[in-house]
Amino acid sequence: MQAPSTLDSPEAPPAVKSRSFKRAFADVREAWDHRELWGHLGWQDIKQRYRRSVIGPLWITISMGTTALALGLLYSVLFKTEVATFLPYVTVGFIVWNFIVGCVTEGTDVFIANEGLIKHLPAPISVHVMRMVWRQVLFLLHNLVVYGIVLAIFFTSLNHEYRIGESSPLQPGLSWTILLAIPGFVLLAVNAVWVSLLFGVISTRFRDIPPVVNSFINLVFFMTPIVWDAGVLSRVTGGGDGDWRMLIAELNPVYHFVEVVRAPLLGHTVDWHHWAVVGGFTVGGWALAMVILRNYRARVSYWV
Amino acid sequence: MVSIDVWNASVDFPIFDAKSRSLKKLALGKVGGKIGSEGRVPIIEALHDISLSLKDGARVGLVGHNGAGKSTLLRLLAGIYEPTRGQSRIVGKVAPVFDLGVGMDPEISGYENIMIRGLFLGMSRKQMEKRVDDISEFTELGDYLQMPLRTYSTGMRVRLALGVVTSIDPEILLLDEGIGAVDAAFMAKARDRLKDLVKRSGLLVFANHSDETLLDFCDTAIWMDEGRVKMHGGLREVLTEYKGFDPFDRMSTEQLERLGYSSSTVLSGNGGE
């Protein structure tokens, strides 16, 4: 009678606890090590979406281009600002906003949509989040083509000092500071990961969250200075004593995230407080996400 | 050292109906005092108090009725479910072949699917590129690998999945039922490869309903019943208990010979080989 593996009762339980920060960090680290996997899957997602269309991913660029053009023209007329500076402003703002909204709305859905993979292949759950954020980055890169075109057309209006609206501060114009957009965007992407980890886990448990987020996100769009300029807030009140109105923008975290990427791309100065707020959210948000990941990481496969 | 250890592990699934899954219910529930939010969620105990210790070289068959917890156990062993109570420790690279429809994208080519599955199982792109020829030869799919997966038959999908897992040298191989969809000729081929794989320091857990397949691959067995391990021991004894008759009794001499048993040892002997 052979029995190489029987019920010879195993000794003491191992010291590895399922709910520990070690496991939570390991999840994120392993997911990062799997970058070849989510990198491949992210590309696959884009190719997949346009598999049988003739011009393929160019549709991403075209739809962004038409939207930016229409919004830029409309709002520059509404706010009586110059198209040459306002159209690039709206375009860049909208490209960044698209990235944010993509990460947030798809982030709430990230585990629910990957139910099959989660239940059938063992992998760190952060892999699905990174795949989604990577896909959004690729979308953004497609949209940057629009930025390039707009920049080429309006370069002469942006390469010297200018202001967007009458009451807006004077901006120095395009220079090497454009490179600041890179660290700005990296920070934005890093934040996108924790946001979708957090919302993803919560939404998997409470299925009311995705519709709530989807309906509020539109409101956030109108509250954020994207199709309007933050300087407008002080203009409508006629100057100095209207500072409290600036809080409409300042209290909106999305504004700061948009600003650290948008301002360098347009040759605006980035006020240091935007960096501070974004940095604070990065640290605080990741801490919160790690706590959630520690407590509920193992539950996700049960909930989906 | 490859091993799977499970201590008193239970797997309970909370069943959220539409109402209890909403925040509203949870918030309102708090008002009434100690009506626990979790306590009101019905729970299905899929696995109950499982203790197992599987070591290198184990070749375990998994038997039991539908709904006995075989698939859930396989997922526990894969590390997909972490036990709600108790502990589990899995040492080694796990390669599961569960539901063949999942983890494969029907719209992309077989080649791409090989790539993705391999990456999921911890391989790098380069490593997978090296193996593609081998997989295409083994699966005999040839030019079909360029076709989208939706054009594949079930058997062809099984071939693909088996081709991937057997090419990447997994340390722990977990196979659910459904592999039976391939034809006999391919099964014979896969059998050699799987056996070879298990020989090279591996661990196999195989859920299957066919005695012949089990006898071919496994030497021990676990009988699952209502989420518990009802019996764990030598394959022949477990099958005898489970089916109520000795599996060798109803096999033709041909089958026995193919499995490598001579009828005399079976008739005279007890206990497998």
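This is a predicted model: local features need pLDDT of at least 70, side-chain atom pairs count only at pLDDT 80 or more; totals for chains, interfaces and linings use all residues.

Residues are numbered from 1 along each chain as its sequence is written, chains are lettered from A and ligands numbered from 1 in the order in which they are written, and side-chain values use heavy atoms, with hydrogens and water left out.

**Chain A as a whole**

Colour chain A by secondary structure and you get 14 helices and zero strands. Helices here are DSSP runs of H or I with at least four residues, strands are runs of E with at least two, and both are numbered from the N terminus. Along the principal axes, the C-alpha atoms fill a box of roughly 90 × 50 × 35 Å.

Switch to a surface view. The accessible surface of chain A is about 13900 Å², and carbon and sulfur atoms own 68% of that; the areas come from the Shrake-Rupley method with a 1.4 Å probe, and for residues only the protein chains shown count as cover. Of the 304 residues in chain A, 54% are buried. Buried means under 20% relative accessible area, exposed means over 50%, and partly exposed is in between (1.4 Å probe, protein chains only).

**A:His128**

Now zoom in on A:His128, which sits in helix H7 (residues 126–158) of chain A. Is A:His128 buried or exposed? A:His128 counts as buried because its relative accessible area is 3%. Show what surrounds A:His128: beyond neighbours within four places in sequence, its contacts include A:Val110, A:Phe111 and, from the other chain, B:Phe120.

**The open sheet in chain B**

Hop to chain B and pick S2, S1 and S4: these three strands form an open, antiparallel sheet in the order S2-S1-S4. Two strands pair if DSSP finds at least two bridges between them. Strand S2 (43–55) and strand S4 (85–91) are the edges, each pairing on one side only. The twist averages 25 degrees from one strand to the next.

Axes are lines fitted to C-alpha atoms, for helices over the stretch in contact, and angles run from 0 to 180 degrees between N-to-C directions.

Next, S1 (residues 3–14) of chain B: nine bridges join it to S2(B), and B:Ser3 stands opposite B:Lys55.

**Two positive phi values**

Stay in strand S2 of chain B and click B:Asp49. Its phi is near 50 degrees, positive in a residue other than glycine. B:Asp49 has 44% relative accessibility, so it counts as partly exposed.

Then jump to B:Glu226, in the loop between strand S8 (220–225) and strand S9 (228–234) of chain B. Phi of B:Glu226 is near 50 degrees too, and at 66% relative accessibility B:Glu226 counts as exposed.

**Last stop: S7(B)**

Select strand S7 (residues 203–207) of chain B, where five of its five residues are buried. B:Leu203, B:Val205 and B:Ala207 point one way, B:Leu204 and B:Phe206 the other. In a regular strand the side chains alternate between the two faces of the sheet.

Which residue of S7(B) is the bridge partner of B:Arg59? Click B:Leu204, which is also the bridge partner of B:Leu173. Strand S3 (residues 59–63) of chain B pairs with S7(B) in the parallel sense over four bridges, and strand S6 (residues 172–175) of chain B runs parallel to S7(B), joined by four bridges.

Methods. Contact means heavy atoms within 4.5 Å.
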